[in-house]
Amino acid sequence: MRDQIFNNQSDIADFRFDESVVAVFDDMVKRSVPGYEAMIQMIGLLTRTYGKDNSNYYDLGASTGATTLALALNNKRANVHFVAIDNSRQMVNQCRQNLDDKIDNLEVICSDINDICIENASIVVLNLTLQFIDIDKRADLIRKIYDGLISGGALIISEKVHVDDKNEQARLTELHMDYKRANGYSELEIANKRQSLENVLLTENCETHLKRLSECGFSASTCYFQCLNFASFLSVK
Ligand SMILES: C[S@@+](CC[C@H](N)C(=O)[O-])C[C@H]1O[C@@H](n2cnc3c(N)ncnc32)[C@H](O)[C@@H]1O
């Protein structure tokens, strides 16, 4: 279904992954996030490289399951257990509906990712999810993921990021708005969504992400993809 959520709202509330967003999510994310399809494709490729036999693959903040499906379609290993987690009940229902008949060994869990246990993992993905976690809880989450990864396993993170230079940031923001306009969003929709996400989606710069990853134990992290103000990072244990 086409995303028209912000077309005519006048009283803009904080963004929530509720029933109305679930219904249009797949359209919304493709028309709003430059490089989204490439992000998913790359996660598939990295799964082929870093996935291990007899391990768990986690998709944290799985939404409707696009990333989980890429993990499963690209899995080359034996005895792998897929775990998709989201704290939106409506997202979890949609994820189950999309994936239950496509993936064996799949568990879809409705939970806050801050509360779950990560164990025996060779792949953990936070695709556009960390940005919705309180900034002061992010290090604990990354440390928990590090502890739950087996040696040689990978954490893959994609995020909306900002740069500190005001002029460069303004250029990136304008180009992102151009991307949305080119995908059919009106000025009103762009402005309303921006307002709705303002206190909910909290960006950091690439240096902050890389520093945290290092402080949480990852000796090697790389920003392997960036499209405008969206970046993906690979960290290997
Ligand atoms: C932008 S979407 C992620 C997109 C998805 N990973 C993909 O690749 O298509 C962010 C998701 O994170 C979930 N989320 C946000 N905070 C969460 C938390 N604390 N625990 C679990 N899920 C969370 C939201 O419900 C939402 O479905």
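A residue is called buried if 20 or more other C-beta atoms lie within 10 Å of its own, exposed if 12 or fewer do, and partly exposed in between, with C-beta atoms placed from the backbone. The structure is a predicted model, in which local features need pLDDT of at least 70 and side-chain atom pairs count only at pLDDT 80 or more, while totals for chains, interfaces and linings use all residues. Residues are numbered from 1 along each chain as its sequence is written.

Helices (H or I, at least four residues) and strands (E, at least two) are DSSP runs, numbered from the N terminus. In helix α4, which spans residues 89-99, the buried residues are Met91, Val92, Gln94, Cys95, Asn98 and Leu99. Seen down the axis of α4, these buried residues fall within an arc of 165°, so they line one face of the helix; the arc is that of the directions from the helix axis to the C-beta atoms. Their cover includes α1 (19-32), α3 (66-73), β2 (81-86) and β3 (106-110), where contact means C-beta atoms, placed from the backbone, within 7 Å.

The ligand is surrounded by 20 residues, the closest being Phe17, Gly61, Asn87, Ser88 and Asn127, and a residue belongs to this shell if its C-beta atom, placed from the backbone, lies within 6 Å of the molecule. Two or more residues of the shell come from each of α3 and β2.

Helix α1 also holds Arg31, which counts as partly exposed because it has 19 C-beta neighbours inside 10 Å. Leaving aside residues up to four places away in sequence, Arg31 touches Asp3, Lys180, Asn183, Gly184 and Tyr185.

Conventions. Contact = placed C-beta atoms within 7 Å.
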